[in-house]
Amino acid sequence: MLWLMRFSGFFSAAMLVILLSPSLQSFHPAEAIRSSHHLDGLLRLPPPRLSFRPAAPFRNAADGKCASSVPTSVCDPSLVHVAITLDVEYLRGSIAAVHSILQHSQCPENIFFHFLVSETNLESLVKSTFPQLNFKVYYFDPEIVRNLISTSVRQALEQPLNYARNYLADLLEPCVERVIYLDSDLVLVDDIAKLWSTSLGSRTIGAPEYCHANFTKYFTAGFWSDMRFASAFAGRRPCYFNTGVMVIDLVRWRKIGYSKRIERWMEIQKNDRIYELGSLPPFLLVFAGRVAPIEHRWNQHGLGGDNVKGSCRDLHAGPVSLLHWSGSGKPWTRLDSKHPCPLDALWAPYDLYGHAH
């Protein structure tokens, strides 16, 4: 387990690259569960002109802690299920996130990735970058939410694919009972199996909570002054949580029908303008105060600055298992511009974009 304390400055970040960079161990390819679905005919769009070099092969550790046999079905109970969106704008981040997960996992052959797409076929690119990866690609129809989305403080927050997480219980196979949802602008520096083993108790989702944050700012003054809306939090102690890292009990989600509850708040937003921040507030309205708390180490978020300037930020005090560039500043764009923030150096070792040097 890696323990990192608060720091700043480029030198400190450079030192941490040594600690957090991918292992030099070569992993042997696994017999993988291949994606063999019908998106090629459904999407009918050429893949984007992006080039990623293949990741190093990977295999389960030989210490007896992994499943005795490699899974052959998405329904295998030994699998860790991870859902991530794929789109052209954030594809570089998604690939780096997958790479980081594989590099730090003791049992990478037991991870199954569920990729959500809307606009283009990226399956062949994933296969060429991770030839032995266990994965499936799911098409999320933007029309499901297009009429529910309202304008936000940042245009990127208005993209329909941001709302695909609301429908994981419908998109994924019924046999998938739990999933870890991850944003595309993060990397793990710890074994994802530890996050997977989080106990949710009687809760439907688990996430790091930040109860010191000013919760009122996530909704408009009109929301708080209208008891029809503000009473939604009656009997709860709501805290802010970031929806970019969540452990979700899909069985409970399906049983209660949380997708419809989120949609209802999006419908209210269209008429009454009760928030400004895209897909986050509906989640807060439904789940805040009803979240199984997860250690903050699993979402060191805000490294992309705010939603406007994207300024450089330091890590929060405490240990680190996941680095998250939430905010408008993304590490790949800052690195390409030759004006990176110090912590962007921690993302760079997982970047597979371009040709091998």
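Let's start at Asp 190, which is buried, with a relative accessible area of 6% (buried means under 20% relative accessible area, exposed over 50%, and partly exposed in between, using a 1.4 Å probe and protein chains only). Its salt-bridge partner is Lys 194, with 2.9 Å between the closest N and O atoms. Lys 194 is partly exposed, at 34% relative accessibility. By salt bridge we mean a side-chain nitrogen of Lys or Arg within 4 Å of a carboxyl oxygen of Asp or Glu.

A word on where the values come from: this is a predicted model, so local features need pLDDT of at least 70 and side-chain atom pairs count only at pLDDT 80 or more, while totals for chains, interfaces and linings use all residues. Residues are numbered from 1 along each chain as its sequence is written, and side-chain values use heavy atoms, with hydrogens and water left out.

Now for some strands and a helix. Helices (H or I, at least four residues) and strands (E, at least two) are DSSP runs, numbered from the N terminus. Strand E2, residues 111-117, runs parallel to E3, and five bridges join them; for two strands to pair, DSSP has to find at least two bridges between them. To get from E2 to E3 the chain passes through helix H4 (residues 123-129), making a right-handed β-α-β crossover. Right-handed here means that, with the strands pointing away from the viewer, the path from the first strand over the helix to the second runs clockwise. As for E3 itself (residues 135-139), four of its five residues are buried, so the strand is mostly covered.

Stay with H4 for a moment. Lys 127 and Glu 123 both sit in this helix, four residues apart, or about one turn, and their side chains meet in a salt bridge at 3.7 Å, N to O. Glu 123 is buried at 6% relative accessibility, whereas Lys 127 is partly exposed at 33%.

Across the whole structure, a search finds 14 salt bridges. Arg 92, Asp 336 and Asp 351 are linked in a network of them.
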